Amino acid sequence: QVQLVESGGGLVQAGGSLRLSCAVSGTIFSINTMGWYRQAPGNQRELVATITGGGVTNIADSVKGRFTIDRDTSKNAVYLQMNNLKLEDAGVYYCNFRQIDREWRELNYWGQGTQVTVAS
């Protein structure tokens, strides 16, 4: 079993910064991708950023240049640094962990979500 524990959400003024953290524990295989998704009220969950075990990142156009993702493989943790936050960045941010097991099955896990509120 795999567990994801997120932290770092909160209330911030527009233009401010937050750093989200997600720690993954449990049975972890070497082929995996960690990432962040978000969901605003009335909207579908959308990709924010992902990073593979090899450090390849995929970042949504809406946050490029403002958000960065990185991971600490030794700690099985992924981080999302969010700078110059905008009102439209508000929502629940979910940590995601996907991995391939020994039988080449893709396993997908989600954190419980952390609220990010951006005030004008």
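## Aromatic pairs

The count of aromatic pairs comes to 3. Rings of Phe, Tyr and Trp (its six-membered ring) pair if their centres lie within 6.5 Å. Planes under 30 degrees apart count as stacked, over 60 as edge-to-face, and the rest as tilted. This is a predicted model, where local features need pLDDT of at least 70, side-chain atom pairs count only at pLDDT 80 or more, and totals for chains, interfaces and linings use all residues. Residues are numbered from 1 along each chain as its sequence is written, and side-chain values use heavy atoms, leaving out hydrogens and water.

## Tyr37 and Trp110

Tyr37 and Trp110 form an edge-to-face pair. Their centres are 5.1 Å apart, with 70 degrees between the planes. Tyr37 lies in strand β4 (residues 32-39) and Trp110 in strand β10 (residues 106-110), so this pair ties together parts that are 73 residues apart in sequence. Strands are DSSP runs (E, at least two residues), numbered from the N terminus.

Tyr37 is buried, at 15% relative accessible area. Trp110 is partly exposed, at 35%. Buried means under 20%, exposed over 50%, and partly exposed in between (1.4 Å probe, protein chains only).

## Tyr94 joins in

Tyr94 also pairs edge-to-face with Trp110: 6.5 Å centre to centre, 90 degrees between the planes. Tyr94 sits in strand β9 (residues 91-100) and Trp110 in strand β10, so the pair links parts that are 16 residues apart in sequence. Tyr94 is buried, at 14% relative accessible area. Tyr37, Tyr94 and Trp110 form one aromatic cluster.

## Arg45 over the rings

Arg45 lies over the face of Tyr94, 3.7 Å from the ring centre. Arg45 also lies over the face of Trp110, at 4.5 Å from that ring centre. A charge sits over a ring if NZ of Lys or CZ of Arg is within 6 Å of the ring centre and within 35 degrees of the ring normal.

Technical notes:
Helices (H or I, at least four residues) and strands (E, at least two) are DSSP runs, numbered from the N terminus.
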